[in-house]
Amino acid sequence: MARDGNRITQLRLVDFRNYSSLTLDVESRFIVLAGDNGSGKTNLLEAVSLLTPGRGLRRATYPEMANLTGSGGFSVRAGVLDEQADSVDVLTMMRPDTASGPQRQVRIDGTNARSADELLALVRLLWLTPAMDGLFTGPAGDRRRFLDRLVLTLHPEHGRHATDYERAMRSRNRLLAEDRRDESWLSAIESQMAETGLAIALARAETVHRLKAAVCEGFGAGAGFPIAGLELASGYGPVDLSRAAVDVEDEVAGRLRSNRPLDRAAGRTLEGPHRSDLLVTYLAKSMPAALASTGEQKALLIGLILAHAELVLATSGIPPILLLDEVAAHLDAGRRAALFDILDHLGVQSFMTGTDYALFSTLEGRAQILSIANGSLT
Ligand SMILES: Nc1ncnc2c1ncn2[C@@H]1O[C@H](COP(=O)(O)OP(=O)(O)OP(=O)(O)O)[C@@H](O)[C@H]1O
């Protein structure tokens, strides 16, 4: 049974995209945003996606999010029920006058958040957007980012490891490029890369391992969402990550040391979790997901998200919040009804968009249906 936490109860936007001002009391676990093309449906989801660290579901810059005719800044404020079902006030904003460049500030109950971990521990959030339709055919970096979002909902510290790893890797690349043979400095950086890089790789591996089981056993499979086969390429080539952590860390640090000439010549670090990939197959047809039809790829992706929601629920007792942009339109009536029933059963709070109300008719009585036009609720 899901607990009553991890839920948004109110949203207030100021100067965000095409919303100059919006206040919305969120009264349901199903929120349907219906409206014409360009009305502001995805913008609202994007605002909600800023309740986790990062640049949101479009990966836009913060100045792009500020209303073109507004002050130059924006704010998104949310009332949130945390995992203990206590009310928390989350405010994230970009000031118009930031001298040090556009940055996003986060305040939780009026106090500046010290780190991204605080937000991650407060809100578990995932999204599915039309831009992710090419996930299986696109670059590995997109799949890594997708996987990392899944990992973050189970391991909030994953984000800090990723930031620390990236920072250390940039320092190492710079030292190698400048040909500075400062052995102790390089070794210290490589040790840090080995430690944080392995933490990243192991968190990903554990998530993929558990997700594989959830995909096969979950509700999605029974409801006709195809089962995805999942394998993870760690980015560490032949290194066996299943051995004792201290041995693997030594081996990885040793490989970084011996790869210095190669990495210097390439101008980048050639091994590590930044080269990892999530390999997805369409099991029923024994083919890479990239070869499946557009509709099949979408169904695979939805199946993965549903399995992950079940996994988060099984792990924490609380399902993630889902932002599902234009998902219903791609599903036939049977699968659409099955999707809604699974979300209902899991107790997921889901924000869904569509241009056509009819797509959500089976949610009548269960959903808060909002009509949007030109950045306003009508
Ligand atoms: N910074 C901004 N300031 C003002 N308007 C913006 C800004 N950024 C985007 N917009 C506009 O917001 C409008 C709504 O965009 P949004 O992506 O939310 O539409 P949508 O309702 O999801 O439409 P669709 O059904 O076509 O996906 C668009 O007309 C877009 O040009």
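1. A residue is called buried here if 20 or more other C-beta atoms lie within 10 Å of its own. On that criterion, and bearing in mind that this is a predicted model, strand β12 (residues 321–324) is covered on both faces, with Ile 321 and Leu 323 buried on one side and Leu 322 and Leu 324 buried on the other.

2. The pairing of β12 can be followed on each of its flanks. Strand β8 (residues 125–128) runs parallel to β12 and is joined to it by four bridges, with Leu 125 standing opposite Ile 321 of β12. Strand β13 (residues 350–354) also runs parallel to β12, through three bridges; here Leu 323 stands opposite Phe 351, while Leu 324 stands opposite Met 352.

3. These strands belong to an open sheet of six, ordered β8-β12-β13-β3-β14-β15, in which the pairing is mixed. Because β8 and β15 (376–377) stand at the edges and each has a single partner strand, one side of each is left without a neighbour in the sheet.

4. In soluble globular proteins, nonpolar side chains tend to be buried together.

5. Leu 300 deserves a separate look for the reader with the model open. When its neighbours within four places in sequence are left aside, Leu 300 is in contact with Pro 226, Ala 228, Val 280, Tyr 282, Ala 289 and Ala 292.

6. Which residues come nearest to the ligand? Among the 15 residues around the ligand, these are Asn 18, Asn 37, Lys 41, Thr 42 and Asn 43. Helix α1 (residues 41–49) gives the most to this shell, with three residues. Sorted by class, the shell has 10 polar, three charged and two nonpolar residues.

How values were computed
Residues numbered from 1 in each chain as written. Predicted model: local features only at pLDDT ≥ 70, side-chain atom pairs only at ≥ 80, totals over all residues. Near = placed C-beta within 6 Å. Helix = DSSP H or I, 4+ residues; strand = E, 2+ residues; numbered from the N terminus. Nonpolar A, V, L, I, M, F, W, Y, C, P; charged D, E, K, R; others polar. Contact = placed C-beta atoms within 7 Å. Buried ≥ 20, exposed ≤ 12 C-beta atoms within 10 Å, placed from the backbone. Pairing = 2+ DSSP bridges.
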